[in-house]
Amino acid sequence: MIGVLVVTHGHLAEEFLNTVKLIMGKQEKSFSLSLLEGDSVEDFSQEIFNKIKEINDGSGVIVVTDLFLASPYNQTTFNHKRILDENIEYRLVTGVNLSMLLEIFNQRMLENSLDDICEKAMFSAKAGVKEFTRELSKNKKTK
């Protein structure tokens, strides 16, 4: 089963997985790592690498982070060569939101590939962003 690692600033990662659990139930092979004020970035980088190794069963790992080019993302990329040296297939996707995570877990249940899961998750993340008055006016035009 593809592993899922959510890596963010603060306790956001943990709360994302708590919310997924509320909606879909507990998800196997899913973990959160949080970078907190005062944490060592070097230790955090090692935690990311260790957790990727731990949750990989040969199916690969999807790592999702909160911000592009911020510490959780950067520390994951710093481990790129080490991860590949361990023969772990992984994908790193930024901009995590609840729509993205729900899609990842749904697609994982369907046993889709890492690439397919990532594509659908990124689409879902973007498609889930709506502004009320625009959506309301679209609905009025179709009626």
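## Exercises on a predicted model

The side chains of Arg91 and Asp115 meet in a salt bridge, 2.7 Å from N to O; a salt bridge here is a side-chain nitrogen of Lys or Arg within 4 Å of a carboxyl oxygen of Asp or Glu. This is a predicted model, in which local features need pLDDT of at least 70 and side-chain atom pairs count only at pLDDT 80 or more, whereas totals for chains, interfaces and linings use all residues. Residues are numbered from 1 along each chain as its sequence is written, and side-chain values use heavy atoms, with hydrogens and water left out.

**Exercise 1.** State how exposed Arg91 is, and identify its salt-bridge partner at 3.0 Å.

*Solution.* Step one: apply the classes, namely buried under 20% relative accessible area, exposed over 50% and partly exposed in between (1.4 Å probe, protein chains only). Step two: Arg91 counts as partly exposed because its relative accessibility is 22%. Step three: the partner at 3.0 Å, N to O, is Glu89, which is partly exposed at 44%.

**Exercise 2.** Locate the salt bridge between Lys138 and Glu135 and give their separation along the helix.

*Solution.* Step one: the N to O distance of this pair is 3.3 Å. Step two: both residues lie in helix H7 (residues 132-142), and because they are three residues apart, about one helical turn separates them. Step three: by way of contrast in topic, salt bridges with shared partners join Glu89, Arg91 and Asp115 into one network.

**Exercise 3.** Decide whether Thr8 is buried or exposed, and find the backbone atom that its side chain reaches.

*Solution.* Step one: Thr8 is part of strand S1 (residues 3-9). Step two: its relative accessibility is 0%, so Thr8 counts as buried. Step three: the Thr8 side chain reaches the backbone nitrogen of Ala13 at 2.7 Å.

**Exercise 4.** Describe the overall make-up of the chain.

*Solution.* Step one: the chain has seven helices and four strands. Step two: from the N terminus, these run β-α-β-α-β-α-α-β-α-α-α. Step three: 39% of the 143 residues count as buried.

Terms used. Helix = DSSP H or I, 4+ residues; strand = E, 2+ residues; numbered from the N terminus. Polar contact = N/O pair within 3.5 Å; in protein donor to acceptor, adjacent residues only side chain to side chain.
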